[in-house]
Amino acid sequence: MVTTRAGSLERQPAVPGTEPAGVRPDRPPARRRRRGVNPSQLVAWAFVAPVVVYLGAFYAYPLYRNVDLSVRHYTVRSFVQGGAPYSGLDNFRQVVDDPAFADTLRNTMVFTLVSILFQYALGLALAVFFNRRFRLAPTLRALFLIPWLLPLIVSASTWSWMFNSESGVVNYALHFAGVDPVAWLASPHWALTSVIIANIWIGIPFNLVILYSGLQNIPAELYEAASLDGASGWQQFRRITFPLLRPVSAITLLLGLVYTLKVFDLIWIMTKGGPGNSSSTLATWSYRFGFGSLLPEFGPGAAVGNILILIALFFGLFYIRVQRRLA
């Protein structure tokens, strides 16, 4: 409140609740917050840093080096000492103009599409079969995981022996069936089929595990209601199982596609991409350019690798687009 004494104004403390309207009591100025680093942010960056270093060292830098190799003319000397001249897209033109490019690209598409189609179909059939829950289901399901658990070099060597023209067990079985022996790995007509069969056998367990886990998330009440309505087993699969498995199926097919595109060791151990280029894919062809001769061609080999990366990236973006539409 304000009082007047001898012509001077003297301010006295106001009683709470008696201040005039629009007048606020005096308050000390608010302290400015000190801007500094939040300790929780430091902890978060400490946890993220190893992942960033790992991605940079094992993904970003190799990808950069591969792109650099594909746009320069590298020799063994320049690869070690540096100073390779810039060549632009010459390495890509050399690869595309190569007579083996069309056959290799066709083999890659056939190998990839046929493999993932049969892997998914057989994996889905086995997942539906094991979803019925009978006594030996856990044991049999564990046995089906063996191809997935074996080292790939062991699986490839085993299939090479089985498909051997002279002492292979496959031709031995064909002999008892009255069929002439087949040169599975030495014939241009059968080499690609042989590696596709081996790759299907290896990839079935992965599809089985993923699809079986997806089936576990489908409510059993839906099947009970469908049975009460008189739906057959095929109708239940077509109307309930398959539609509800679409998200799981999409990621399974995408992962199978990316994995199958880059399959190298299985084909190299069984056929080395031969005879000729009959079973060669982009992965084995890239290896042949870079390490398959005494005078390696690092540039064309890296260009083939980049083409393979672009194909995988295209299908990855296609998957994202499909997922957005389904959502």
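## Salt bridges

Across the whole structure, a search turns up three salt bridges, a salt bridge being a side-chain nitrogen of Lys or Arg within 4 Å of a carboxyl oxygen of Asp or Glu. Keep in mind that this is a predicted model, where local features need pLDDT of at least 70, side-chain atom pairs count only at pLDDT 80 or more, and totals for chains, interfaces and linings use all residues. Residues are numbered from 1 along each chain as its sequence is written, and side-chain values use heavy atoms, with hydrogens and water left out.

Let's start with Asp68. Its side chain meets that of Arg72 in a salt bridge at 2.8 Å, N to O, and Asp68 also forms a salt bridge with Arg65, where the closest N and O atoms are 3.5 Å apart. That links Arg65, Asp68 and Arg72 in a network of salt bridges. Asp68 and Arg65 are separated by about one helical turn because they sit three residues apart in helix H1 (residues 39–70); helices here are DSSP runs of H or I with at least four residues (strands are runs of E with at least two), numbered from the N terminus. As for burial, the scale goes by relative accessible area: buried is under 20%, exposed is over 50% and partly exposed is in between, using a 1.4 Å probe and protein chains only. Asp68 has 11% relative accessibility, so it counts as buried. Arg65, at 23%, counts as partly exposed, and so does Arg72, at 26%.

The remaining bridge to look at joins the side chains of Asp90 and Arg93, at 2.7 Å from N to O. These two are three residues apart in helix H3 (residues 90–97), which means about one helical turn lies between them. Asp90 is partly exposed at 43% relative accessibility, and Arg93 is partly exposed with a relative accessible area of 47%.

## Aromatic pairs

A pair of aromatic rings is described by the distance of the centres and the angle of the planes. The rule used here pairs rings of Phe, Tyr and Trp (its six-membered ring) if their centres lie within 6.5 Å; planes under 30 degrees apart count as stacked, over 60 as edge-to-face and the rest as tilted. By this rule the count is 22 aromatic pairs. One of them is the edge-to-face pair of Phe129 and Phe130, with 5.3 Å from centre to centre and 65° between the planes. Phe129 is partly exposed, with a relative accessible area of 39%, while Phe130 is buried at 1% relative accessibility.

Another edge-to-face pair is made by Trp268 and Tyr287, at 4.9 Å centre to centre and 70° between the planes. This pair links distant parts of the chain, with Trp268 in helix H13 (residues 265–270) and Tyr287 in helix H14 (residues 282–291), 19 residues apart. Tyr287 counts as partly exposed, at 30% relative accessibility. Elsewhere, Trp159, Phe163, Trp184, Trp190 and Trp201 form one aromatic cluster.

## A nonpolar patch on the surface

Phe129 turns up again here, in a nonpolar surface patch with Phe134, Leu136, Leu140, Leu143, Phe144, Ile146, Leu150, Ile153, Val154, Trp201 and Ile269; together they have about 980 Å² of accessible area. The elements giving two or more residues to the patch are helix H5 (137–144) and helix H7 (152–162), and H5 supplies the largest share, three residues. Patches are made of residues with over 30% relative accessible area and no salt bridge, joining like charges within 9 Å and nonpolar side chains (Val, Leu, Ile, Met, Phe, Trp, Tyr) within 5 Å. The areas come from the Shrake-Rupley method with a 1.4 Å probe, and for residues only the protein chains shown count as cover.

Val154, one of the patch residues, lies in helix H7 and is partly exposed at 37% relative accessibility.

Tyr212 sits in helix H9 (residues 191–216) and is buried, with a relative accessible area of 15%. Leaving aside neighbours within four places in sequence, Tyr212 is in contact (heavy atoms within 4.5 Å) with Ala127, Phe130, Asn131 and Arg141. The C-alpha atoms of Tyr212 and Leu124 are separated by 7.7 Å, though the two are 88 residues apart along the chain.

Last stop, helix H12 (residues 246–261). Its 16 residues should span 22 Å at 1.5 Å a residue, and its end C-alpha atoms are 22 Å apart, which agrees; the expected span is 1.5 Å times one less than the number of residues. The buried residues in H12 include Ser249, Ala250, Thr252 and Leu254, and Gly256, Leu257, Thr260 and Leu261 are buried too.
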